[in-house]
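Hi everyone, thanks for coming. Let me walk you through one protein today, and please have the picture open while I talk.

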Amino acid sequence: MFIGGFRALESQSRAAELTGDSKRFTLTKGAANTAMQIMMKGMRFVVLYLEHPSFKVADELLGALNGYVSALSQFQNKSGKPPSEEQKEILLAILSKLPSKLAYPKEYDFKEIGEFEDSFDLFRENLEKLFVNMTRHFPKITPSFVLKKLKQVVDDASKIQPELYEAALRMFYRLYEPLSATDKMYMRKSGIIAEIMKRVVRSGVVRRSKHTLSVT
């Protein structure tokens with residue numbers, strides 16, 4: 001609700017600015033700024049609830065997470081400014097939780113897909129969409145964070161649960177998709193992708209026959 005309120009006020013503020021209604025613009029802009037602060041406080045609680053081990057709890061929070069990303073992107077596009085440090089902090093907090101949320105639960109039965117497995121598959125699909133949107137809207141924030149995190153996971157492969165390793169690689173796989181042509185060219189020329197793949201091979205994860213990494 002607080003996210004919807006912020007977006008509505010931002011739209012009204014923009015409309016007032018375009019029509020030259022200075023009084024309405026001042027009122028709605030002030031209200032929008034207040035709504036932004038309320039939204040930020042609410043999102044801190046949302047991030048805390050992401051710590052819950054059940055994916056069903058995170059599934060209930062997807063609406064708020066998507067709403068925040070959308071609202072922040074809208075604000076960024078209209079203001080022409082990058083996210084503030086506080087806004088960036090929330091984005092990074094969400095990103096830091098994604099690997100554990102994307103990881104297959106121990107209860108997941110790969111041999112007999114039932115209602116639980118179907119529910120998780122749908123949740124994971126929607127969570128990946130959130131991640132893709134974060135990458136698309138914030139290409140200066142998401143890729144660098146994910147690549148840094150992946151390097152840590154790969155370097156500690158022997159100590160990392162296979163499910164978390166797979167989730168990190170899955171994020172790496174989906175990372176490239178929404179980037180602009182310029183950002184893709186930068187990643188290719190920088191050698192980042194080649195470096196990551198070399199680390200993956202050296203980690204020996206391909207020899208873990210008991211686990212399948214769903215990354216192509």
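Let's start with Glu51, which counts as exposed at 52% relative accessibility. A word on that scale: buried means under 20% relative accessible area, exposed means over 50%, and partly exposed is in between, with a 1.4 Å probe and protein chains only. Before I go on, this is a predicted model, where local features need pLDDT of at least 70 and side-chain atom pairs count only at pLDDT 80 or more, while totals for chains, interfaces and linings use all residues. Residues are numbered from 1 along each chain as its sequence is written, and side-chain values use heavy atoms, with hydrogens and water left out.

Back to Glu51. Which residue does the side chain of Glu51 meet in a salt bridge? The partner is Lys97, at 3.4 Å from N to O. Glu51 sits in the loop between H2 and H3 and Lys97 in helix H4, so this pair ties together parts that are 46 residues apart in sequence. When I say salt bridge, I mean a side-chain nitrogen of Lys or Arg within 4 Å of a carboxyl oxygen of Asp or Glu. And when I say helix, I mean a DSSP run of H or I with at least four residues; strands are E runs of at least two, and the numbering starts from the N terminus.

Glu89 pairs with Arg44, and their closest N and O atoms are 3.3 Å apart. Glu89 lies in helix H4 and Arg44 in helix H2, so the pair ties together parts that are 45 residues apart in sequence.

Now, how does H4 sit against H3? The axes of helix H3 (residues 55–79) and helix H4 (residues 85–102) come within 12 Å and cross at roughly 145°. Those axes are lines fitted to C-alpha atoms, for helices over the stretch in contact, and the angles run from 0 to 180 degrees between N-to-C directions. The H3 and H4 crossing is left-handed, which is the name used if the near helix is turned anticlockwise from the far one by less than a right angle; clockwise would be right-handed. On the H3 side, Ala58, Leu65, Tyr68, Leu72 and Phe75 meet Gln87, Ile90, Leu91, Ile94 and Lys101 from H4. A contact here means heavy atoms within 4.5 Å.

Stay on H3 for a moment and find Ser73, which is placed in that helix. Ser73 counts as buried at 6% relative accessibility. Leaving out residues up to four places away in sequence, Ser73 touches His137 and Phe138.

From there, move on to Pro139, in the loop between H5 and helix H6 (142–155). Pro139 is partly exposed, with a relative accessible area of 29%. With residues up to four places away in sequence not counted, Pro139 touches Leu179 and Asp183. The C-alpha atoms of Pro139 and Asp183 are separated by 7.9 Å, although the two residues are 44 apart along the chain.

The side chains of Glu128 and Arg170 meet at 2.9 Å, N to O. Glu128 is in helix H5 (residues 115–137) and Arg170 in helix H7 (residues 162–175), so to speak distant parts of the chain, 42 residues apart. Both of these residues are buried. They also belong to a salt-bridge network that links Arg124, Glu128, Glu166, Arg170, Arg174 and Glu177.

Finally, let's zoom out. How many helices and strands does the protein have? There are nine helices and zero strands. Of the 216 residues in the protein, 40% are buried. Among contacts between residues at least 6 apart in sequence, 70% join residues at least 24 apart. And a search of the whole structure finds 10 salt bridges, including the ones between Glu51 and Lys97 and between Glu89 and Arg44.
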